Amino acid sequence: MAETSDIKIIISGGTGGIGAATARLLVAAGAKVMIGDLNDAAGATLVAELGENARFCHLDVTRPEDWEAIVAAAEEAFGGINALFNNAGISFFTGVVESTPEDFRKIMDINANGVFYGMHFAAPAIIRAGGGAIVNTSSTAGLQGYASLIGYTASKFAVRGMTKAAALDLARDNVRVCSIHPGPIATAMTEGMNEAALAGQPLPRFGKPEEVARLVRFLVTEATFSTGTEFVIDGGATVGMLAAVK
Ligand SMILES: NC(=O)c1ccc[n+]([C@@H]2O[C@H](COP(=O)([O-])OP(=O)(O)OC[C@H]3O[C@@H](n4cnc5c(N)ncnc54)[C@H](O)[C@@H]3O)[C@@H](O)[C@H]2O)c1
């Protein structure tokens, strides 16, 4: 089992809601975190807040050359990496008829291809360091279908599938690969969503980014007998819905 202070991790989309909460939690416990994101200004602010153990590197997850650069930067800064949190993602609402081919390509490029590139470029570095863990961000939309989320659902099922294939490829190299499946979490992605719409969810509220961060910390440190599998954090949403209680 790794202590949190042993963790040297790259977090994609690391300035957003879940990514930044994870960076804060890990750095507070002594981990070294390389934050990658499109948003350079937010990255500069976050590393100024977090201090020496946090670094920022511009990352567009759709660009393989950006992944090569962030892996090299993290190895250089921390003397190696033993974890990757593939967290960057986008969502938008379009159904199977309204979604244009361009919409579909775009969301697959960020949410699915970006996860593949991350694993492809970071896994050799994790192996060089003696092994570690990869956490890929799927969603409850990687477990069941949602109306008007054709591209998002496709991309998150792809993440769930790739996680299993990569877990098999990397098991003998001592690299565990798991997927996380959040339900509605209070971040920019769910802004404008009404909590009243969650009334039938067993735990009828938005999750907090910090709750997801704690799951990610568990997966990269303590979950030493888990690989290739799904970790659901959704307030019970995929278990079943209750009748709305007054
Ligand atoms: N919030 C939810 O309810 C929820 C539920 C299930 C899954 N998720 C997943 O969690 C992950 C994090 O989402 P969040 O809720 O923190 O959203 P967020 O919008 O707060 O953060 C997403 C981050 O990804 C970054 N990003 C977007 N495109 C990028 C690209 N091409 N390259 C690099 N970075 C890029 C954004 O700049 C942002 O910082 C996503 O993969 C999302 O699909 C979120």
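View 1. Leu84 is paired across a bridge with Ile134 of S5. This is a predicted model, in which local features need pLDDT of at least 70, side-chain atom pairs count only at pLDDT 80 or more, and totals for chains, interfaces and linings use all residues. Residues are numbered from 1 along each chain as its sequence is written. S4 (residues 83-86) and S5 (residues 132-137) run in the parallel sense and share four bridges. Asn86 is found opposite Asn136 in S5. Two strands pair if DSSP finds at least two bridges between them; strands (E, at least two residues) and helices (H or I, at least four) are DSSP runs, numbered from the N terminus.

**View 2. The open sheet of seven strands.** The strand order is S3-S2-S1-S4-S5-S6-S7, with parallel pairing. S3 (54-58) and S7 (230-233) are at the edges with a single partner strand each, so one side of each has no neighbour in the sheet. On average, neighbouring strands are turned by 20° against each other, direction ignored.

**View 3. Burial of strand S5.** Six of the six residues of S5 are buried (20 or more other C-beta atoms within 10 Å of a residue's own, C-beta atoms being placed from the backbone; 12 or fewer is exposed, in between is partly exposed). Gly132, Ile134 and Asn136 lie on one face, and Ala133, Val135 and Thr137 on the other.

**View 4. Helices H3 and H4.** H3 (residues 64-78) lies across S1 (8-12), S2 (32-37) and S3, at about 160° to S2. The axes of H3 and H4 (residues 101-128) come within 9 Å and cross at roughly 30°. Axes are lines fitted to C-alpha atoms, for helices over the stretch in contact, and angles run from 0 to 180 degrees between N-to-C directions. The two helices are therefore roughly parallel (angles under 35 degrees). Pro64, Trp67, Glu68, Val71 and Glu75 of H3 meet Tyr117, Gly118, Phe121, Ala122 and Ala125 of H4, a contact being C-beta atoms, placed from the backbone, within 7 Å.

View 5. Ser148, in the loop between S5 and helix H5 (150-170), has phi near 60°. Ser148 is partly exposed, with 13 other C-beta atoms within 10 Å. Asn174, in the loop between H5 and strand S6 (175-182), has phi near 70°. Asn174 is partly exposed, with 14 other C-beta atoms within 10 Å.

Conventions:
Contact = placed C-beta atoms within 7 Å. Parallel < 35°, antiparallel > 145°, perpendicular 65-115°, else oblique.
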